[in-house]
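The following account is meant to be read alongside the sequence and the coordinates. Please keep both in view while following the paragraphs.

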Amino acid sequence: MNAETQRHSVCCELVHDAARSAGEVRLKAGGASMLPAIWPGDLITVRRRDLPELKPGQIVLYNRDGKLTAHRIQQLFGDHLITRGDSVPCFDPPVQADEIVGQVVSISRDGRDFRPEQRLWQRIASWILRSSDLLMRITLYLSRRLRSTWDLRTPWTNSSPQPTWKR
């Protein structure tokens, strides 16, 4: 195991331990497997939960092999969960109770917080993204372009209804 992999694994364990002791952690999402619910760069709030407290449809963060993954619960079986990313066609290997960090209870994007319930339009978009790798790549590309050209941190006001563009 190289130094970078080892460091990443230790960070994941620290997050798991922090959630166990403090009850809640906040992380920056890095992948695209949960589009459109969670975008790369979103901040997710994860609250410690035990297996019996979880139910299908919720997003769970788990730690496996030195990697943190946030995916939606598809099914519950006695001592494990079946999960899948919203925009990924395949199910994950079963998640054991000791791998669970907690439930994603809030997503923060561009200064706004919202709950991670999956709405009808998100289900449809997830199905489309699962069906086409090309559409997934186009979606990510357009998202990066918009975020890099549009200054989303500047709040809109009544006196200035136009967004502020970077030059």
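The text below treats a helix, its cysteines and a set of salt bridges in turn.

The model is predicted, so local features are reported at pLDDT of at least 70 and side-chain atom pairs at pLDDT 80 or more, while totals for chains, interfaces and linings use all residues. Residues are numbered from 1 along each chain as its sequence is written, and side-chain values rest on heavy atoms, with hydrogens and water left out.

Helices and strands are DSSP runs numbered from the N terminus, a helix being H or I with at least four residues and a strand being E with at least two. Helix 1 covers residues 3–22. After helix 1 comes glycine 23, whose phi is positive, near 90 degrees.

Within helix 1, the residues Cys12, Val15, His16 and Ala19 are buried. They cover an arc of only 95 degrees around the axis, and therefore lie on the same side of helix 1; the arc is that of the directions from the helix axis to the C-beta atoms. The buried residues of helix 1 pack against strand 1 (24–28), strand 3 (59–64), strand 4 (67–77) and strand 7 (100–109), where contact means heavy atoms within 4.5 Å. On the face turned away from the buried side are the exposed residues Ala3, Arg7, Leu14, Ser21 and Ala22. Glutamine 6, also in helix 1, is partly exposed at a relative accessible area of 44%. Glutamine 6 and glycine 66 are 60 residues apart in sequence, yet their C-alpha atoms are 8.0 Å apart in space.

Helix 1 also holds a buried cysteine, Cys12. A disulfide is a pair of cysteine sulfur atoms within 2.5 Å, and a search of the whole structure finds zero. For cysteine 11, the nearest cysteine sulfur is that of cysteine 12, 6.9 Å away. This separation is too far for a bond, as the closest cysteine sulfur to that of cysteine 12 is the one in cysteine 11. Cysteine 12 is buried, with a relative accessible area of 3%, whereas cysteine 11 is partly exposed at 40%.

Side chains of opposite charge can pair when their charged atoms come close. A salt bridge is a side-chain nitrogen of Lys or Arg within 4 Å of a carboxyl oxygen of Asp or Glu, and by this rule the count comes to nine. One of them joins aspartate 17 to arginine 20, with the closest N and O atoms 3.1 Å apart. These two residues are three residues apart in helix 1, and so are separated by about one helical turn. Aspartate 17 is partly exposed at 36%, and arginine 20 is partly exposed at 44%.

Another salt bridge links arginine 137 and aspartate 133, with the closest N and O atoms 3.1 Å apart. Both residues lie in helix 3 (residues 133–149), four residues apart, about one turn of the helix, and both are exposed.

Conventions:
Buried means under 20% relative accessible area, exposed over 50%, partly exposed in between (1.4 Å probe, protein chains only).
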